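Please have a look at the sequence and the structure first.

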Amino acid sequence: MLDLEDIFGSDGPLAQALPDFKVRREQLRMAQGVSEALAARESLVVEAGTGTGKTFAYLVPALLSGARVLISTGTRTLQDQLFAKDLPLVSAALGRPARVALLKGRGNYLCRYRLSHVEGAAEQLPLIDARRPRSQAMLARIQRWALTTQRGDLAEVRGLSDSHPVWPQVTSTRESCLGVRCPEISRCHVAAARREALEADVVIINHHLLLADLALKEDGFGDLLGCADAVILDEAHQIPDLATQFFGANIGSRQIETLFKDLRLELSSAAHLPGTSAPAAAAALAMCEAALAELRVALPAGAGRIAWFVSPSIDDAVDALIGALEGLSAVLIPSDERPALAQLAERAAELAMSLGRIAAVDELEGARTLELSARGFTLSLMPFDISGRFRALVCARRGAWIFTSATLSVGAEFGHFTGRLGLAEAATLRIESPFDHERQSLLYLPAGLPEPSSPSYVAAVIDTAIPLIEAARGGAFVLFTSHRALAQGAALLRARWAEEARFRLFVQGEAPREQLLQEFRADGNGVLLGTSSFWEGVDVKGEALRLVVIEKLPFAPPDDPLVRARIEHLTACGGNAFRDYQLPEAALALKQGAGRLIRSEDDYGVVAICDPRMLGRAYGRVFLATLPPMSVTQDAVEARRFLARHAPRAPALRAQAAP
């Protein structure tokens, strides 16, 4: 029987299955660590630098272990890659067949019950904009597809995106799903997918689904974790923030309005309501709608996220809405003979309970915020400390838990990550990237820039970036820490290149993210400007990306209500908010941003961090220790020469600076 050294060796099954396979001692080391944790049913936190090949490093020992494994990822893209490519390849190479299930969130599957209501209720047509030919045609396409689909995955429907107005009308949410009371339960695609998952050897899910199973138990469709011997969390750096959201509370005006809409639809389609007076239900609904309107009036004008209780009138309006929702639930509860109404009663009660929890939270438990937009509002509770709760959930399931990502440690320490999740006793393993960062990349820390608080700072960053972009002949990311700075930077670049647009600009917000990336890769010499969503999860290998300019250190804005509340909480508890929270969070974010550059053994380039605090403040050493071991310079000429050596030949002049 082959051991791990043989499997990952130059003559092993992986080398035979993959023509471009490279032997990496880092990959073997990670596989050995994962294998030991699986055998001992222990928790392991693994930071695997870019290029380690961490996917195969956990898939191989997972398949060899014979354990029932749950693999959770941060994105649907990685889910699909594992299911369609990586797992079949490794399974075939090892000669270890496995039953594999891909499970997505319920919002990806057709809900037959809701489709039948869309088909049958004339009142629903305006909601899906069926009067428009395109929406009407899409609904007809879904209806035809529904007759033959086996899995019910809406990704099978040609031309349908999750932003299409029809999508939410033919899918269910956790709140709207009737569960076992649904008349279509025997044909439910969500239930079928979960049954398949419960019978599989390996289940591929995403973090949102995993945390829903941990925190919410997903409506009795089965405990996925209860049947797993091991849980492997890829892109695990996302877990602390996501878990904080799941263990908190979040109520938006859209959720409330959807409840009202669904109830109106149910009332209009019912000839009579067993055990319930239709006029009483309509009156209770009217009271809820009036209470929601009063809350809207009480809210401040404007947009953005603010601390919640800015006015006593908000308290009164929230209390009135809670009371109205409780009254609505009480009116609908006798309707057990009509499952949809009973489920609507539960939804109203849950909304009232969540609103009550947010309103009554102790200031030491979490931060309450109010998010305002043109479309509505969201009231949120974000708990300060989830470590005890998350630890209890992990300990309650006696199996191996593997957390892996390229960015889990600050310097060489895992304490920030493990502390947030209550994993102080977990084993840790830090594996450096096999790439030769010192040879392949250069860290440029320009001298003479003003402080980031200066009004001229963004202009100085652009002045610094332009010679670098021109030396690299394009192929650049310019990453900003705010949308305001992004807009200012884009305007400055366009003004400078108005006469001679040498490089095509790709600006976040002017096209969908994936479209920008696809066109940036295809262009080869473009300049992409982005904010937080481009700091991580973006993979551009090869010459298309050879320069990453980082505007400033990515400290979370201290005036953000959640950040301010967490700082105040840590200070009140005797901690050091900057050392224990702001600094490690910023260091990990910077590590993600800088990590966009070197994605393969053949990549070369410069990371330019424009923030003078990198060298001017003592804490700059923390950031330097967190970054890959790159050569460092403050010499602009050296940086431009490095870029020029590795730049492709000069591109032709372009007529347009924007897509």
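Predicted model: local features only at pLDDT ≥ 70, side-chain atom pairs only at ≥ 80, totals over all residues.

Let me begin with Glu-510, which counts as partly exposed at 44% relative accessibility, where buried means under 20% relative accessible area, exposed over 50%, and partly exposed in between, with a 1.4 Å probe and protein chains only. Residues are numbered from 1 along each chain as its sequence is written, and side-chain values use heavy atoms, with hydrogens and water left out.

Which residue forms a salt bridge with Glu-510? The partner is Arg-494, and the closest N and O atoms of the two are 3.0 Å apart; a salt bridge here is a side-chain nitrogen of Lys or Arg within 4 Å of a carboxyl oxygen of Asp or Glu. This pair links distant parts of the chain, 16 residues apart, with Glu-510 in the loop between strand 14 (505–507) and helix 20 (513–523), and Arg-494 in helix 19 (residues 483–496). Helices (H or I, at least four residues) and strands (E, at least two) are DSSP runs, numbered from the N terminus. Arg-494 also counts as partly exposed, at 25% relative accessibility.

Glu-184 pairs with Arg-187, their closest N and O atoms being 3.2 Å apart, and Arg-187 is partly exposed, with a relative accessible area of 46%. Asp-611 pairs with Arg-613, with a closest N to O separation of 2.6 Å. Are these two residues buried or exposed? Asp-611 is buried, with a relative accessible area of 2%, and Arg-613 is buried as well, with 15%. Elsewhere, salt bridges that share partners join Glu-47, Arg-430, Glu-432 and Lys-591 into one network.

Let us turn to contacts, which means heavy atoms within 4.5 Å. Val-100 lies in strand 3 (residues 100–102) and is partly exposed, with a relative accessible area of 25%. If we do not count residues up to four places away in sequence, Val-100 touches Phe-83, Leu-87, Glu-196, Ala-200, Val-202 and Ile-204. The C-alpha atoms of Val-100 and Ala-197 are separated by 7.8 Å, although the two residues are 97 residues apart along the chain. In the loop between strand 3 and helix 6 (112–120) we find Asn-108, which is buried, with a relative accessible area of 10%. Leaving aside neighbours within four places in sequence, Asn-108 is in contact with residues including Arg-76, Asp-153 and Trp-167.

Finally, the whole chain. How many helices and strands does the protein chain have? There are 25 helices and 18 strands, and buried residues make up 53% of the 659 residues. Among contacts between residues at least 6 apart in sequence, 77% join residues at least 24 apart. Along its principal axes, the C-alpha trace spans about 80 × 65 × 60 Å. The radius of gyration is 27 Å, which agrees with the value near 26 Å that a compact globule of 659 residues would have; this radius is taken over C-alpha atoms, and the globule rule is 2.2 Å times the number of residues to the power 0.38.
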